[in-house]
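Colleague: Hi! Could you walk me through the ligand site in this one?
Modeller: Happy to, let me bring it up.

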Amino acid sequence: MAKLIIMALAFLVCAASRGRCEEGGTSPLQVGFYDGKCADVDVEAAVGAVVASFYDRDPTVAAALLRLQFHDCFIHGCDASILLDGPDSEKTSPANRRVRGYDLIEAAKSSVEAVCPGVVSCADIIVMATRDAVSLGGGGRYTVQTGRRDGTISFASDVNMPASSISVSDSIKVFGEKGLSPTDMVYLLGGHTIGVARCSTFQDRLYNFQNTGEPDPTMDSTLRDTLLARCPQDSDSDENTVDLDQNASSSSTVDNSYYQQILSNRGILQIDQELALDQWTRPTVDAIAQGLDFNMGFGQAMIKLGAVQVLTGEQGEVRQFCNRNN
Ligand code: HEM
């Protein structure tokens, strides 16, 4: 009876939000949605095997997938709209130009389609694969919810991702619009514990911070010297990259060292650094850096990210191929 009441409430909330369901307790997603829907095939294990084989060859797929999920969920919700090909689809927008991991998702999809056709959505595959990659990268293994359906709409003009120069307060607003709290935001930015950024995404901090003609005074001077060598002012700043987590021994590991680095003024992106300087986010940054369970908090925040504006039930479709509508 209690379950029925919860389901009815979830339905009403989804209906009130024009068919798209927000994160949180009312999400109609569920753990183990595919159990029993593919005979005896373990869908999550099938996806996990593909992720493991990609990760073995190239561990940077973990960073690729984390960013892919973030960029999928922030535009039209977690509906795999980022995967659709087309002359003007989300994938083609400048903000998504360096997003990677499409080949892995496609490989996981064909592996699953081969044993259980037409059942498992691409939106769910993104979320399952990202969870597996985070776990392989040293983060905890969180339990994913599934049951998403794939969207059919994907326009580059709809892509409005936060810029690296966004302020903490504006970022809190943007995450809040997706139903994510400031604490979720601090944990999710911990995604920058792995992966790289091109010089062009932070070069202003080295040479002309906020049009002052000076470097960002908050940046650690040793870090600045290293970055100046890596990102010369007149070079083509689109090709060189630097690790987002400047702790060389853990720049490929999902852990809390990103927070320790930003507390030492060694953040790469402006938003990374400001997270440690802002009075609202600093206490959470301090706590995580000092050992508050990052893996658990990050996993919970990823679960919430994965529930943003999902399509479920009869909404959308289950794509046959992730890069095109049926
Ligand atoms: C205000 C929020 C955020 C901003 C402004 C931001 C910005 C950026 C920028 C500028 C880059 C470098 C891209 C490039 O060089 O082309 C980047 C990389 C990355 N971001 Fe974020 N990001 C944000 C939030 C997140 C979140 C929530 C996650 C995941 C949970 C995430 C995961 C990553 C990862 C893993 C990379 C490295 C990708 C790779 O190595 O291929 N970011 N981000």
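**Around the ligand**

Modeller: Among the 25 residues around the ligand, the nearest are F70, R100, H192, V196 and R198; a residue counts as near if one of its heavy atoms lies within 4 Å. This is a predicted model, where local features need pLDDT of at least 70 and side-chain atom pairs pLDDT 80 or more, while totals for chains, interfaces and linings use all residues. Residues are numbered from 1 along each chain as its sequence is written, and side-chain values use heavy atoms, leaving out hydrogens and water.

Colleague: Which protein donor does the iron atom have?
Modeller: H192 is the only one, through NE2 at 2.1 Å. Donors are N, O and S atoms within 2.8 Å of the metal (3.2 Å for Na, K and Ca), and with water not among the atoms, sites may look incomplete.

Colleague: And where is H192 found?
Modeller: In the loop between α7 (182-189) and β3 (196-198). Helices (H or I, at least four residues) and strands (E, at least two) are DSSP runs, numbered from the N terminus.

Colleague: How far is the side chain of R198 from an oxygen atom of the ligand?
Modeller: An N or O atom there is 2.7 Å away. For the side chain of R100, the distance to a ligand oxygen is 3.1 Å, and V196 uses a backbone N or O atom at 3.0 Å.

Colleague: Changing topic, why does the ligand lie between the domains?
Modeller: Because domain 1 (18-162) and domain 2 (168-303) both give residues to its shell. Those bounds come from an automatic or database domain assignment.

Colleague: Which element gives the largest share of that shell?
Modeller: α3 (61-74), with four residues.

Key. Polar contact = N/O pair within 3.5 Å; in protein donor to acceptor, adjacent residues only side chain to side chain.
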